[in-house]
Amino acid sequence: MSDLVAARRARLAALRERGVDPFAATRYDVTAHAAELASKYAELPEQGRAEAQTWSLAGRIMSARGQGKVIFFDLHDRTGRFQLFVRQNDVGEEAFAIAKEIERGDIAGASGFVFRTKTGELSLYVRSLEVLGKSLQPLPDKWHGLQDVEKRYRRRYVDLIVNPAVRDVMIARSKIVAEMRRFIDAHGFYEVETPTLLTIAGGATARPFLTHSNALDIPLSLRIATELYLKRLIVGGMERVYEIGRIWRNEGIDRTHNPEFTMLELYAAFWDVQDMMRFNEELMAHLARSVHGTETVMYGEDAISFATPFRRMDYLGAFKEFAGIEREQLLDPDQCFALLREHGIPDSPSHAHALDKLFEKIVEPHLLQPTFVYGYPVVLSPLAKRMKDDPQLTERYELFAAHMELANAFTELNDPDDQRRRFELSIAEKESGDEEVPPPDWDFVRALEYGMPPTAGIGIGVDRLVMMLTNNASIRDILLFPLQRPLPADATDDDDDEGPAAGT
RNA sequence: GUGCCUGUAGCUCAGUCGGUAGAGCAGUAGCCUUUUAAGCUAUUGGUCGCGGGUUCGAGCCCCGCCGGGCACACCA
């Protein structure tokens with residue numbers, strides 16, 4: 001099995017015997033990329049030779065087709081594929097002998113001019129060829145690529161080499177995040193960075209990852225949200241702040257959950273949740289346009305239109321519309337628990353949990369097109385401001401599309417006394433066994449006591465947004481390195497049974 | 001955590017009724033000065049995820065373990 005590695009090491013030795021050390025190169029003057037040459041010379045006629053201009057390409061050799069005194073290589077760079085043509089008569093015997101040692105997977109630089117082969121393929125007529133790196137591991141099948149999903153996640157570098165679609169998704173992700181920043185920055189927001197190591201991990205209900213500071217000799221948690229720190233900045237007068245940051249939650253792993261994921265949280269002083277709704281839909285439409293050039297994106301079998309305005313739906317009204325459920329049945333805990341049984345849902349530990357389960361069962365299936373669901377009960381929303389004329393509900397919405405939650409936003413609670421009471425209630429919940437309720441952050445209450453302007457805030461799951469905009473059903477396919485259980489074999493995976501003795 | 005599915009050569013996959021391991025590509029040795037999944041000839045390569053069990057005999061049947069996928073649970 002290490003036969004293949006041994007064969008490659010033999011090629012390495014052969015190169016060194018010819019005075020070429022593939023690991024010696026430190027740089028290469030790249031003057032063109034594959035896609036640039038392809039478009040620049042698209043009009044080059046049959047048998048055409050653009051000898052006046054010399055170009056240098058660099059990348060990975062993905063195919064080597066030797067044909068006697070001539071070799072064709074496929075070179076892949078980050079823009080695509082370009083064919084190299086190496087002819088012994090033109091490069092000389094010594095250089096040709098070196099070229100013959102180059103194999104699939106090696107890194108090479110080539111310079112020459114662009115021409116069309118007999119079959120009409122635009123190619124580089126190579127005048128000089130340099131080995132810039134040696135691949136000692138065999139690559140997967142050139143036709144089938146790497147299909148084994150486990151191996152694709154564990155060795156993402158191989159996946160990226162042989163499956164161009166993966167690279168495209170990751171580039172799309174990069175663009176989405178960059179566009180997100182551009183859009184937000186253009187609205188006068190400051191990007192900030194708040195701590196990830198916390199003594200109290202609040203702002204959401206989730207189990208944190210625990211760690212320890214040696215210097216301070218105290219336990220610490222990784223953050224589960226950025227909310228409470230960003231709102232401290234609003235108290236501090238920064239007015240418009242956001243953070244695109246990693247969040248950790250020590251919970252289940254599945255198609256839509258990874259223990260670490262990326263969240264956009266954004267806060268705007270003097271906005272309310274309605275202002276945020278408009279900002280939110282504009283942002284989504286902008287991102288859809290920048291990725292697809294249109295507001296309509298395919299997700300699985302469904303065409304999702306992010307054209308503004310999005311549909312608005314009332315939280316209580318949705319239950320009424322889809323299942324004839326009345327307000328009191330939801331807001332009264334006992335009636336709500338009765339509804340659970342009525343709809344065949346297992347018992348819930350809390351009123352809030354029961355409401356979530358009912359929503360999932362009754363409302364979510366109807367939320368294919370982007371929809372703002374507005375007016376969540378206060379029991380579900382410990383950090384949101386109550387509605388003026390209906391204090392059992394809050395000025396909060398969630399945005400759904402393709403039955404997935406994409407955003408959560410509300411007018412922020414800025415009454416410190418109300419906030420204190422809600423924290424006190426959460427202590428009771430925690431004591432009654434709900435381990436996911438975070439301990440209260442009393443310093444945050446003190447911050448509110450200094451006075452926080454009316455403020456709207458929003459959280460957007462970046463990973464899910466990327467899933468939607470790139471049409472991927474699993475979060476692992478939009479993360480470069482999704483968490484995998486380590487293999488015991490990983491430590492001793494390599495069999496270096498031959499060693500450097502093979503080299504010269 | 002539970003259920004279902006899954007793990008065979010570097011990669012992609014076959015493997016019948018339980019009868020002693022196969023193909024293509026890759027690799028190796030040749031031939032070939034316009035190929036492109038190059039071609040032609042020859043050829044190497046296996047802890048069938050791991051450990052037990054049943055059997056004259058296990059890739060195949062049974063049990064346990066490990067990894068992965070999906071669903072549920074948990075959770076945004």
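Colleague: Which residue is the bridge partner of tyrosine 190 in S10?

Modeller: In S10, tyrosine 190 has valine 241 as its bridge partner. This is a predicted model, so read everything here as computed.

Colleague: How do strand S6 and S10 pair, and over how many bridges?

Modeller: Strand S6, residues 190-191, pairs with S10 in the parallel sense, over 2 bridges.

Colleague: And S10 with strand S11, which sense there?

Modeller: Antiparallel, over 9 bridges, with S11 covering residues 260-269. Within that pairing, tyrosine 242 has leucine 266 in S11 as its bridge partner.

Colleague: What is the strand order in the open sheet of 8 strands?

Modeller: The order is S6-S10-S11-S20-S19-S18-S15-S14, and the pairing is mixed. S6 and strand S14 (311-314) are at the edges with a single partner strand each, so one side of each has no neighbour in the sheet.

Colleague: What joins strand S18 to strand S19?

Modeller: There are 6 bridges between S18 (residues 396-401) and S19 (residues 404-411), and the two strands run antiparallel. Tyrosine 397 has alanine 409 in S19 as its bridge partner.

Colleague: Staying in that sheet, threonine 371. Where does it lie?

Modeller: Threonine 371 lies in strand S15, residues 371-374.

Colleague: Is threonine 371 buried or exposed?

Modeller: Threonine 371 is buried, at a relative accessible area of 0%. A polar atom of the threonine 371 side chain lies 2.7 Å from the backbone oxygen of glutamine 369.

Colleague: Which residues is threonine 371 in contact with, leaving aside neighbours within four places in sequence?

Modeller: With that exclusion, threonine 371 is in contact with Arg311, Met313, Glu398, Leu399 and Phe400.

Colleague: Next topic, the open sheet of 3 strands. What is its order?

Modeller: S7-S9-S8, with antiparallel pairing. Strand S7 (197-198) and strand S8 (210-213) are the edge strands, and each pairs on one side only.

Colleague: How many bridges join S8 to strand S9?

Modeller: 4 bridges, with S9 made up of residues 218-222 and running antiparallel to S8. Leucine 210 has serine 221 in S9 as its bridge partner.

Colleague: And the hairpin of S12 and S13, how many residues between the strands?

Modeller: There are 2 residues between the strands, and glycine 300 in this hairpin takes a positive phi near 60 degrees. S12 and S13 (residues 302-305) pair in the antiparallel sense over 4 bridges, with threonine 296 opposite serine 305 in S13.

Colleague: Which side chains of strand S12 point to which face?

Modeller: They alternate along residues 296-299.

Colleague: Switching to helices. Where does aspartate 159 lie?

Modeller: Aspartate 159 lies in helix H6, residues 156-162.

Colleague: Why does aspartate 159 count as buried?

Modeller: Because its relative accessibility is 0%, and the cut-off for buried is under 20% relative accessible area.

Colleague: Which side chains does a polar contact join to aspartate 159?

Modeller: The aspartate 159 side chain has a polar contact of 2.7 Å with the side chain of arginine 156, and one of 2.5 Å with the side chain of asparagine 163. Not counting residues up to four places away in sequence, aspartate 159 touches Leu146, Arg152 and Val166.

Colleague: Which residues of helix H4 are buried?

Modeller: In H4, residues 93-101, the buried residues are Phe96, Ala97, Ile98, Ala99 and Glu101.

Colleague: What covers the buried residues of H4?

Modeller: The cover includes helix H1 (3-17), strand S2 (70-77), strand S3 (80-87), helix H3 (88-91) and strand S5 (122-133).

Colleague: Last one, cavities. How many of 30 Å³ or more?

Modeller: The structure holds 1 cavity of that kind. The largest cavity has a volume of about 30 Å³.

Colleague: Which residues line the largest cavity?

Modeller: The lining is Leu198, Ile200, Ala201, Gly202, Ala225, Leu228, Tyr229 and Asp441. By type, the lining divides into 6 nonpolar, 1 polar and 1 charged.

How values were computed
Residues numbered from 1 in each chain as written. Chains lettered and ligands numbered in written order. Predicted model: local features only at pLDDT ≥ 70, side-chain atom pairs only at ≥ 80, totals over all residues. Heavy atoms only, no water. Buried < 20%, exposed > 50% of the residue type's maximum accessible area, 1.4 Å probe, protein only. Pairing = 2+ DSSP bridges. Polar contact = N/O pair within 3.5 Å; in protein donor to acceptor, adjacent residues only side chain to side chain. Contact = heavy atoms within 4.5 Å. 1 Å grid on protein atoms, 1.4 Å probe; cavity = no way out; pocket = protein on both sides within 12 Å on 5 of 7 lines; lining within 4 Å. Points joined across faces, edges and corners; volume = space filled by probe spheres on them. Nonpolar A, V, L, I, M, F, W, Y, C, P; charged D, E, K, R; others polar.
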